[in-house]
Amino acid sequence: MSSSLHSLPWSAQTLVSNFNSPLELKQAHAHLIKTNTPLSLIPPSRIASVCALSHLDFSYAHRLLAHFHQRQIVVWNSCLKTLAESDSPFDAILLFRRLREFDVVPDSFTCAFVLKACTALLDDKNGKIIHGVVEKFGFQWNMVLQNMILNFYGLCGEMSTARLVFDKMPQRDVVSWNVMITHLVKSGDFEGAYGFFSRMPERNVRSWTMMISACVHCGKPKEGVQLFMEMEKIGVQVNEVTVVAVLSACADLGALELGMRIHEYSKRSGFGGNVRVLNTLIDMYVKCGCLEEARRVFEEMEERTIVSWSAMIQGLAIHGHAQEALRVFSMMIEMGVMPNGVTFIGLLHACSHMGLVNEGRRFFSCMTRDYEIIPEIEHYGCMVDLYSRAGLLQEAHEFIMNMPIKPNGVVWGALLGGCKVHKNIELAEEATRHLAQLDPLNDGYYIVLSNIYAEAERWEDASRVRKLMKNRGVKKKPGCSSIMVDGVIHEFVAGDDSHSQANEISDMWEKLLDYMKLRGYKPDTSVVLLDVEEKEKEKFLYGHSEKLALCFGLINTPPGSVIRIMKNLRVCEDCHAAFKLISAIVNREIVVRDRNRFHCFKDGACSCQDY
């Protein structure tokens with residue numbers, strides 16, 4: 001063919017091999033006929049590409065390609081692939097329709113390319129047509145095609161159809177199972193995904209990683225860590241995606257020991273420079289209360305993204321280092337890194353926790369003015385929290401009423417929290433009325449209002465709120481604290497005396513209590529909102545879950561080591577005062593992560609200054 005092409009004049013060679021339209025193709029065709037030159041000199045794939053999108057031109061191309069020895073569908077498949085991967089994947093669907101009109105028999109590649117276009121468009125109608133073609137022409141044996149069909153139905157949200165396809169597949173591979181697990185997780189069916197995972201005849205690193213990530217996203221970090229342990233035990237080699245998933249689970253659990261071990265593993269395995277791994281490490285160390293380690297990771301990073309900067313700013317903020325958070329932000333701006341919405345959430349948190357009202361106002365204003373970032377509900381919530389903590393309750397209320405978007409439960413909850421601190425019953429009642437509509441089953445809001453009434457000795461009102469909770473089926477969430485010792489997580493619930501070391505824990509508390517009273521400790525029974533005798537209130541106080549976890553930690557960890565506790569609720573004022581004294585008595589650093597922030601108790605003081 002090459003020698004025949006070179007025998008043509010140069011202009012004719014260009015015309016035959018580089019035509020760009022159906023008209024130029026026809027000119028090339030005519031020239032070959034006149035010169036009695038074989039049609040095979042024309043590139044068939046070029047014929048298909050210039051004639052694919054016009055019905056008349058397609059008919060001409062179809063007749064022309066009939067003169068070639070190559071199967072027509074092979075030529076058209078090349079065109080389908082290009083169109084499916086283009087910015088206009090629907091053109092691939094249109095071409096497929098023409099192929100069927102002209103009875104060009106598809107093969108498995110045809111179906112794969114058109115299905116790719118349907119998937120890109122989430123075109124369930126045409127996707128089902130392709131599925132029918134697969135069944136009609138007997139392509140069920142093609143595993144790649146079957147997995148594409150599974151993925152297509154999953155992306156279209158048709159999980160019942162995907163299950164039917166999966167169940168009818170003559171054979172399945174690990175990809176088939178992984179596709180089902182992926183889409184079940186995305187659809188929120190964690191149990192279904194775990195069921196598939198449990199039944200898998202074989203699993204690869206992707207299978208394990210997906211399930212660990214699913215555990216984290218579904219609020220089951222403990223199960224995610226357990227899966228990782230099992231994965232390690234059978235010798236599956238993890239990748240950087242697995243490392244990120246496990247570190248996220250460690251962050252949620254406060255599992256520092258495992259997190260540090262994963263950190264060392266990532267260094268040995270060559271993931272030490274992976275930005276996503278490093279960003280997750282910063283988050284893990286921050287959430288485990290190791291701010292110094294988070295700083296070290298951040299400072300040693302060769303490349304930092306906005307995620308890195310924002311994670312560090314947020315970490316400093318929740319650990320009570322507001323001024324340093326602001327300095328890091330200034331450094332970021334000087335280096336030319338543009339902030340995003342998450343960055344400003346961290347900055348506003350920092351200002352809120354440290355009472356920096358003017359700085360908070362300035363940051364909120366410059367978001368839109370300087371960086372064209374439109375505030376979202378989280379930013380408004382931070383501003384209400386800032387005003388409320390500072391005692392500017394009327395300003396907080398006016399801010400809420402003037403918000404351009406509807407305030408949610410978090411916004412009204414921030415105002416309610418400020419009302420408790422500054423004892424404003426009228427605004428607390430208004431906030432609770434809104435919260436009862438926005439988040440009617442959240443026990444925390446009822447309890448805060450009940451506490452406000454109780455502190456004002458309005459016992460009848462406090463009792464009325466408790467009865468309202470009961471009538472609406474709202475149950476008080478028990479305080480729960482956890483501590484990890486020797487790689488094992490130990491959980492304590494308020495008032496629980498069922499632990500195997502309950503007697504030792506009780507004895508430890510009595511000893512600490514004696515030492516605390518010598519230093520002026522008096523139980524703050526105002527946080528116990530029950531109309532009972534003072535001794536009974538003290539008993540409730542002493543059974544708070546974080547106190548039980550602390551005593552367990554003191555018994556089971558080496559002297560001088562840091563004790564790290566996680567709590568599901570806010571640390572009460574009495575526990576806060578007690579932990580400050582205990583940190584000095586036992587000469588230990590005690591880090592408590594509650595629902596809102598970190599408290600680092602050391603030498604009789606706490607990093608949080610607004611308690």
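Mentor: Start with I262, which is found in helix 17 (residues 256-268). Helices (H or I, at least four residues) and strands (E, at least two) are DSSP runs, numbered from the N terminus. This is a predicted model, in which local features need pLDDT of at least 70 and side-chain atom pairs count only at pLDDT 80 or more, while totals for chains, interfaces and linings use all residues. Residues are numbered from 1 along each chain as its sequence is written, and side-chain values use heavy atoms, with hydrogens and water left out.

Trainee: Is I262 buried or exposed?

Mentor: I262 is buried, at a relative accessible area of 3%. Buried means under 20% relative accessible area, exposed over 50%, and partly exposed in between (1.4 Å probe, protein chains only).

Trainee: And what does I262 touch?

Mentor: Leaving out residues up to four places away in sequence, I262 touches F228, V243, V246 and L247. Contact means heavy atoms within 4.5 Å.

Trainee: Change of topic. Where does K423 lie?

Mentor: K423 is in the loop between helix 26 (409-422) and helix 27 (425-438). Its phi is near 55°, a positive value in a residue other than glycine. K423 is exposed, with 59% relative accessible area.

Trainee: What about the phi of N587?

Mentor: N587 has a positive phi of about 55° and is not a glycine either. That residue sits in the loop between helix 33 (573-585) and strand 4, and it counts as exposed at 57% relative accessibility.

Trainee: How many cavities of 30 Å³ or more are there?

Mentor: Two. On a 1 Å grid over the protein atoms alone, a cavity is a set of points where a 1.4 Å probe fits but cannot get out, and lining residues have an atom within 4 Å of a point. Grid points are joined across faces, edges and corners, and a volume is the space filled by probe spheres set on the points. The largest cavity has a volume of about 100 Å³.

Trainee: Which residues lie nearest the centre of the largest cavity?

Mentor: L253, G254, R564, I565 and M566, out of 15 lining residues. Strand 1 (480-485), strand 3 (563-567) and strand 4 (590-593) each give two or more residues to that lining.

Trainee: Last one: how far apart are the C-alpha centres of domain 1 and domain 2?

Mentor: They lie 70 Å apart. Domain 1 covers 10-168 and domain 2 covers 480-606, with bounds from an automatic or database domain assignment.

Conventions
1 Å grid on protein atoms, 1.4 Å probe; cavity = no way out; pocket = protein on both sides within 12 Å on 5 of 7 lines; lining within 4 Å.
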